[in-house]
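Please look over the sequence and the model shown here before reading the briefing that follows.

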There are 2 protein chains.
Amino acid sequence: MEPGKELMRIAVDAMGGDYAPGIVVEGVAQALYDYPDCEFTLVGHTGKIGFYLQKYGIADHPRLKLHHAETAVEMSDPSAISLRGKKNSSITEGARIMKAGLVEGLVSPGHTGALVAATKVLNRALPGVDRPALGASLPHRYGRFILVDAGANTDCKPGNLVQFALMGEIYASFYLKKERPSIGLLSVGGEDGKGNSLTKSVFKALSNMPINFVGNVEGNSAFEGTCDVMIADGFSGNVMLKTSEGLARLSVNWLKNAIKKNALRLTGALLAKNAFVELKAMGDADEIGGAPLLGINGVCIIGHGSSSPKAVRNAIRTARDAIRFRMNERICQRLIECHATTEELEDLF
Amino acid sequence: MEPGKELMRIAVDAMGGDYAPGIVVEGVAQALYDYPDCEFTLVGHTGKIGFYLQKYGIADHPRLKLHHAETAVEMSDPSAISLRGKKNSSITEGARIMKAGLVEGLVSPGHTGALVAATKVLNRALPGVDRPALGASLPHRYGRFILVDAGANTDCKPGNLVQFALMGEIYASFYLKKERPSIGLLSVGGEDGKGNSLTKSVFKALSNMPINFVGNVEGNSAFEGTCDVMIADGFSGNVMLKTSEGLARLSVNWLKNAIKKNALRLTGALLAKNAFVELKAMGDADEIGGAPLLGINGVCIIGHGSSSPKAVRNAIRTARDAIRFRMNERICQRLIECHATTEELEDLF
């Protein structure tokens with residue numbers, strides 16, 4: 001790293017996800033190597049982490065700190081547990097040290113709901129933002145698009161979606177490396193007048209903003225690459241995300257079965273094996289690097305529960321990029337520029 | 001057919017869909033052969049249909065009638081056109097002869113919105129039903145499930161979803177041949193308390209009904225076969241339907257490209273060719289036989305715009321099954337049985 005520059009400080013929830021803490025520690029070990037401009041704080045039960053620190057040879061790494069957390073949120077726990085019941089969980093402790101300014105970012109491959117609850121209460125929304133939103137990344141024919149909100153808010157007001165558009169625009173500008181990301185509104189039917197009462201209000205508001213708004217986009221054409229950022233309330237957004245996951249998994253299984261049906265086809269399958277791997281990866285979290293909770297005061301990246309070490313490393317990369325890009329500062333600026341702070345959008349809330 | 005039994009009378013919109021009227025006439029020709037217990041009325045511009053009647057050898061078929069319609073709704077037309085502007089379209093004329101009792105069912109591979117608009121106004125909802133809903137069929141690992149509402153109502157009240165559940169149950173009982181179809185509620189997170197304000201009300205109401213309610217179901221687990229009938233507001237339901245279509249198409253394309261990448265893989269692809277055809281068919285309308293508009297006074301089946309003759313034939317089969325099964329009578333009965341008529345569900349509307 002360049003001399004004189006301060007290290008970026010990122011907390012990583014060591015107890016999050018299905019294969020914690022081993023997988024997470026392995027991912028952090030990769031990140032220590034790949035990102036020399038970062039310092040990491042592993043948050044979790046130090047007694048349980050110790051073995052893996054030795055195993056991956058990072059027990060005494062100068063850029064690694066530990067922060068003890070007595071408990072951990074299980075994937076089966078309810079979302080509110082990070083605030084009630086397991087107040088000393090690794091998720092809650094991570095949010096706490098970010099609130100205290102000890103780190104600028106928090107990465108967790110754990111329980112999305114619990115992480116959203118903890119950071120919303122402890123770290124709070126950025127000034128001008130009403131509701132933080134999850135920015136997931138989905139594949140399309142020519143690359144990827146960002147879906148905001150992918151599930152943080154089940155009931156939304158029009159003003160929330162307007163802010164999602166601007167937060168998604170800023171995120172896409174560095175994640176997708178697009179100068180002027182195109183913004184679509186998830187709706188039914190491409191016609192302007194179509195949609196439900198929520199999207200009709202949002203459509204009007206977005207049409208008057210200085211953004212690259214491409215109008216209503218249907219769930220099917222999103223996969224053809226119609227927009228860089230897809231805006232939705234968190235309920236429909238989550239339906240889109242989960243439907244994609246489910247159908248991708250079904251497609252792979254279905255194709256496998258179809259090919260197994262006879263020996264000739266089996267030969268074909270063996271030859272086409274790598275294609276399977278790629279199809280699987282399409283819906284996979286590994287390459288994506290986690291979904292940011294946009295609009296939180298502090299960088300918060302949520303990884304997939306079944307993350308691999310590589311996925312953990314990539315989620316860390318996303319956190320690092322967000323810090324380097326000063327994502328949150330830019331979001332606040334953009335909301336002011338577009339007169340889209342909660343106060344200014346009063347009639348849409 | 002059995003002697004003494006009356007023919008079932010079904011109108012078919014000859015001008016609907018991308019390849020009308022040729023494809024539609026060909027589908028009707030197949031249906032005339034396959035379903036000797038049905039009489040068909042082709043609705044469309046008689047001058048334009050004539051050639052195809054000759055071509056498929058059904059010009060003088062004793063079970064075929066013609067009903068002239070001067071215009072046709074184009075796929076690019078707005079939904080309201082069937083009531084304003086093109087009042088003499090094949091869709092509007094089809095709804096009109098069903099209203100007059102000349103036919104019991106109407107099949108159209110045309111414009112969904114226009115068909116919904118025309119039948120809602122001309123044929124009206126069944127007694128006790130507030131809003132008719134589209135029942136689409138989607139694949140899961142072990143078969144298919146029905147999604148209601150797949151897009152007819154963008155804004156819904158809790159009572160609408162309760163009625164969707166009962167209408168879906170009746171439809172699934174003959175379409176999927178299930179005695180006691182399981183009913184799931186499309187939501188975010190499997191926990192009972194999860195969802196938006198709409199689904200939370202619906203969850204409570206469905207829990208108290210004498211149905212096989214399996215609770216909240218997420219978009220991904222629906223493809224694992226969690227329920228026979230999936231209930232959703234028409235906005236989220238349409239998002240689910242369109243997302244599935246889009247991702248299925250993307251998967252096929254993506255896999256093709258991955259396999260083409262090198263010659264060895266290409267050999268594999270050639271051998272696995274039939275598997276492709278089957279994967280494609282998964283998201284395909286051909287086998288499904290169209291989606292019923294449930295709760296309309298009259299059987300109304302909507303086919304895919306890009307229907308093949310086989311798809312038209314299968315949509316006709318669905319209409320025939322619905323008539324034979326006395327679907328609408330059973331829906332009305334079921335609403336009364338469950339105290340779920342619009343009047344009785346007053347506090348949910």
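The model is a predicted one, in which local features need pLDDT of at least 70 and side-chain atom pairs count only at pLDDT 80 or more, while totals for chains, interfaces and linings use all residues. Residues are numbered from 1 along each chain as its sequence is written, and chains are lettered from A and ligands numbered from 1 in the order in which they are written. The helices (H or I, at least four residues) and strands (E, at least two) named below are DSSP runs, numbered from the N terminus.

**Backbone geometry in chain A**

- In chain A, a cis peptide bond with omega of about 5° joins A:V148 and A:D149, and A:D149 has its place in the loop between β6 and α5 (158-175) of that chain.
- A:R124, a residue other than glycine, has a positive phi near 65° and is found in the loop between α4 and β5 (133-140) of chain A.
- A:R124 counts as partly exposed because it has 15 C-beta neighbours inside 10 Å; a residue is called buried if 20 or more other C-beta atoms lie within 10 Å of its own, exposed if 12 or fewer, and partly exposed in between, with C-beta atoms placed from the backbone.
- A:K177, although not a glycine, has a positive phi of about 55°; A:K177 is found in the loop between α5 and β7 (182-186) of chain A and is exposed, with 8 other C-beta atoms within 10 Å.

**The sheet of chain A**

- Eleven strands of chain A form an open sheet with mixed pairing, in the order β3-β2-β1-β4-β11-β10-β5-β6-β9-β7-β8, where two strands pair if DSSP finds at least two bridges between them.
- The edge strands of this sheet are β3 (64-68) and β8 (212-217) of chain A, each of which pairs on one side only.
- Neighbouring strands of this sheet are turned against each other by 25° on average, direction ignored; axes are lines fitted to C-alpha atoms, for helices over the stretch in contact, and angles run from 0 to 180 degrees between N-to-C directions.
- Strand β6 (residues 143-148) and strand β9 (residues 229-231) of chain A pair in the parallel sense over three bridges, and A:L147 has A:M230 as its bridge partner in β9(A).
- Helix α1 (residues 22-34) of chain A packs on the sheet and touches β1 (8-13), β2 (38-44) and β3 of chain A, its direction making about 170° with that of β2(A); contact between two residues requires their C-beta atoms, placed from the backbone, to lie within 7 Å.
- Helix α4 (residues 112-122) of chain A also packs on the sheet, where it touches β4 (105-108), β10 (291-294) and β11 (299-302) of chain A, and its direction makes about 170° with that of β11(A).

- In chain B, eleven strands form an open sheet in the order β3-β2-β1-β4-β11-β10-β5-β6-β9-β7-β8, and the pairing is mixed.
- Its edge strands are β3 and β8 (212-217) of chain B, each pairing on one side only, and the twist averages 25° from one strand to the next.
- β4(B) pairs in the parallel sense with strand β11 (residues 299-302) of chain B over four bridges, and the bridge partner of B:S108 in β11(B) is B:I302.
- Helix α1 (residues 22-34) of chain B packs on this sheet, touching β1, β2 and β3 of chain B, with its direction at about 170° to that of β2(B).
- Helix α3 (residues 90-99) of chain B is mostly covered, with nine of its ten residues buried, among them B:I91, B:R96 and B:M98.
- These buried residues of α3(B) pack against β1 (8-13), β2 (38-44), β3 (64-68), β4 (105-108) and α4 (112-122) of chain B, and just after α3(B), B:G101 takes a positive phi of about 85°.

**Packing of α5 and α12 in chain B**

- Helix α5 (residues 158-175) and helix α12 (residues 327-337) of chain B pack at an angle of about 135°, with their axes 9 Å apart.
- α5(B) and α12(B) are therefore oblique to each other, since angles under 35 degrees count as roughly parallel, over 145 as roughly antiparallel, 65 to 115 as roughly perpendicular and the rest as oblique.
- In this contact, B:Q163, B:L166, B:M167, B:I170 and B:Y171 in α5(B) meet B:M327, B:R330, B:I331, B:R334 and B:L335 in α12(B).
- By class, the contact of α5(B) with α12(B) has seven nonpolar, one polar and two charged residues, where Ala, Val, Leu, Ile, Met, Phe, Trp, Tyr, Cys and Pro count as nonpolar, Asp, Glu, Lys and Arg as charged, and the others, Gly among them, as polar.
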